Amino acid sequence: MTDTTIATSVLDKEQLRDLVADVLDLDVSEVTDEAHFVDDLDVDSLMALEITVRLEKEYGVKLQETELAAITSLRGTYELLDRKLRDAK
């Protein structure tokens, strides 16, 4: 018997989508992989800061200022968090 959980990602994209939708007070369906947070979802700087704080708290990571540029869409946020969580192992 093989353990298939090893092959799965440490980060659940739907859980991340739920978190972002909750912070932005949007329906989960509006937070698509490609939706740009500022251009498509009207995220302002305060909302962006709240997303960052929630991500750090939820996933136990510290996001550097230089990494925040990746947090422009769910896809970019997922890729950044996935990389940080894998590096932390």
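**S73**

I looked up S73 and found this residue in the loop between helix 2 and helix 3; helices here are DSSP runs of H or I with at least four residues, numbered from the N terminus. The model is a predicted one, in which local features need pLDDT of at least 70, side-chain atom pairs count only at pLDDT 80 or more, and totals for chains, interfaces and linings use all residues. I number residues from 1 along each chain as its sequence is written, and side-chain values use heavy atoms, with hydrogens and water left out.

S73 is buried, at a relative accessible area of 11%. I take buried as under 20% relative accessible area, exposed as over 50% and partly exposed as in between, with a 1.4 Å probe and protein chains only. A polar atom of the S73 side chain lies 3.1 Å from the backbone nitrogen of G76. I count a polar contact as a pair of N or O atoms within 3.5 Å; within protein, one must be able to donate a hydrogen and the other to accept it, and residues adjacent in sequence count only if both atoms are side-chain atoms. Leaving aside neighbours within four places in sequence, I find S73 in contact with D33, E34, A35 and F37, contact being heavy atoms within 4.5 Å.

**T77**

Next I checked T77, which is in helix 3. T77 counts as buried, at 0% relative accessibility. Not counting residues up to four places away in sequence, T77 touches L16, F37, L55, A70, I71 and T72.

**L63**

L63 is also in the loop between helix 2 and helix 3. Is L63 buried or exposed? L63 is buried, with a relative accessible area of 5%. Its contacts, leaving aside neighbours within four places in sequence, are T52, L55, E56, L68, I71, L80 and K84. For L63 and K84, which are 21 residues apart along the chain, I read a C-alpha separation of 8.7 Å.

**Helix 2**

The expected span is 1.5 Å times one less than the number of residues. I list I51, T52, L55, E56 and Y59 as buried in helix 2. Seen down the helix axis, the buried residues of helix 2 fall within an arc of 130°, so they line one face; the arc is that of the directions from the helix axis to the C-beta atoms. They pack against helix 1 (13-24) and helix 3 (74-88). On the other side of helix 2, L46 and K57 are exposed.

At the N-terminal end, D44 caps helix 2, with a side-chain oxygen 3.1 Å from the backbone nitrogen of L46. G60 follows helix 2 and has a positive phi, near 65°.

**Helix 1**

I find 12 residues in helix 1, with 16 Å from first C-alpha to last, close to the 16 Å expected at 1.5 Å a residue. Its buried residues are L16, R17, L19, V20, A21, V23 and L24, and these pack against helix 2 and helix 3. At the start of helix 1, a D12 side-chain oxygen comes within 2.8 Å of the backbone nitrogen of E14. Just after helix 1, D25 has a positive phi of about 55°.

**Rings**

I searched the whole structure for aromatic pairs and got 0. Rings of Phe, Tyr and Trp (its six-membered ring) pair if their centres lie within 6.5 Å. I did find the charged end of K13 over the ring of Y78, 5.0 Å from its centre; the criterion is NZ of Lys or CZ of Arg within 6 Å of the ring centre and within 35 degrees of the ring normal.

Conventions: Helices (H or I, at least four residues) and strands (E, at least two) are DSSP runs, numbered from the N terminus. Rings of Phe, Tyr and Trp (its six-membered ring) pair if their centres lie within 6.5 Å; planes under 30 degrees apart count as stacked, over 60 as edge-to-face and the rest as tilted.
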